[in-house]
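Me: I have a chain open on my screen and want to learn how to read it. Can you take me through it feature by feature?

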Amino acid sequence: MSATEMTGAGVGIGDEVVVPAFGGAEVASAVRAVGARPVFADIDPLSYCLSPAAVEAAVTDRTVAIAPVHLFGHPADMVCLREVAQRRGLRVIDPEPGPSVVSVDAARRRKFAEYLERRLRGVVIPKVALGVQHSFHEYVVRVPGNGRPDRDAFKWALRARGVACYVPVKTPAHRTAEFRSDVWLPESERAADETLALPLETSMTKRELHRLVSACNGLGGLLLDAAC
């Protein structure tokens, strides 16, 4: 989302725009570029997208818009966000659509995601809201535990086994030097501590998927109790 889109939506100097703290740094930059102030709201812990309830709690008399983000291939709850916007007299700045949920690539990714869902143990697999088609642009699991050291230890152990995993959002925007804000957003902070993106490419073979599952399950069994 760009500053041009912000201007086109009528956002200007002194306005406030509610944005997600988790995965929302680029949107926050666009808000600031037009002289407005990004106000960070928490996420839904299952979709990782803006929580409509958190958005409503973040609205002030200077808020003019909501700028959600579709994350990892799961769309934000646009129906509920638009209801909040209508009730509070705000605009919703539609996010980039992301990879098409009806594309051939998305269909193959969903097929592979179903394979992983049936077999992965010891990590928390992605959740999909009822009636939503997840394109699994990124396959993001949670590694439960006592915070970052557990997830990072798991990441390095997987990499040592040849699995090209990575942390999708290292720090929520409200905890970065650029946007530091004195607000506590527990779901955003927990997601930043626990999430890990596993490789999920349409070019992967059954053998590669099996190797990924074996590597995760060999380590994840230690975390099974925390995942339940």
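Reply: Start with burial. Buried means under 20% relative accessible area, exposed over 50%, and partly exposed in between, with a 1.4 Å probe and protein chains only. Tyr 48 has a relative accessible area of 7%, so Tyr 48 is buried. Phe 72 is at 6% relative accessibility and therefore counts as buried too. Keep in mind that this is a predicted model: local features need pLDDT of at least 70, side-chain atom pairs count only at pLDDT 80 or more, and totals for chains, interfaces and linings use all residues. Residues are numbered from 1 along each chain as its sequence is written, and side-chain values use heavy atoms, with hydrogens and water left out.

Me: What percentage of the residues of the chain count as buried?

Reply: Of 228 residues, 50% are buried.

Me: How many helices and strands does the chain have?

Reply: Helices (H or I, at least four residues) and strands (E, at least two) are DSSP runs, numbered from the N terminus. Here there are nine helices and six strands.

Me: In which sense do strand 5 and strand 6 pair?

Reply: Antiparallel, over four bridges, with strand 6 at residues 195-198. Val 140 stands opposite Ala 197. Now the faces. In a regular strand the side chains alternate between the two faces of the sheet. Strand 5 (residues 139-142) has both faces covered: Tyr 139 and Val 141 are buried on one side, Val 140 and Arg 142 on the other.

Me: Which residues touch the most other members of the largest nonpolar core?

Reply: A nonpolar core is a set of buried Ala, Val, Leu, Ile, Met, Phe, Trp, Tyr and Cys residues joined through side-chain atoms within 4.5 Å. The largest has 49 residues, and Met 6, Val 11 and Phe 22 touch the most other members. Among the elements giving it two or more residues are strand 1 (16-20), helix 2 (25-33) and helix 7 (186-194). Another core, of 27 residues, lies apart and includes Leu 116 and Phe 154.

Me: Which residues is Val 11 in contact with, beyond its neighbours within four places in sequence?

Reply: Contact means heavy atoms within 4.5 Å. The partners of Val 11 include Met 6, Val 34, Val 64 and Ile 93.

Me: How many aromatic pairs does the structure hold?

Reply: Rings of Phe, Tyr and Trp (its six-membered ring) pair if their centres lie within 6.5 Å; planes under 30 degrees apart are stacked, over 60 edge-to-face, and the rest tilted. The structure holds five such pairs. Phe 22 and Phe 72 have ring centres 6.2 Å apart and planes at 80°, so they are edge-to-face. Tyr 48 and Phe 72 are also edge-to-face, because their centres are 5.6 Å apart and their planes at 75°. Ring pairs link Phe 22, Tyr 48 and Phe 72 into a cluster.

Notes:
Two strands pair if DSSP finds at least two bridges between them.
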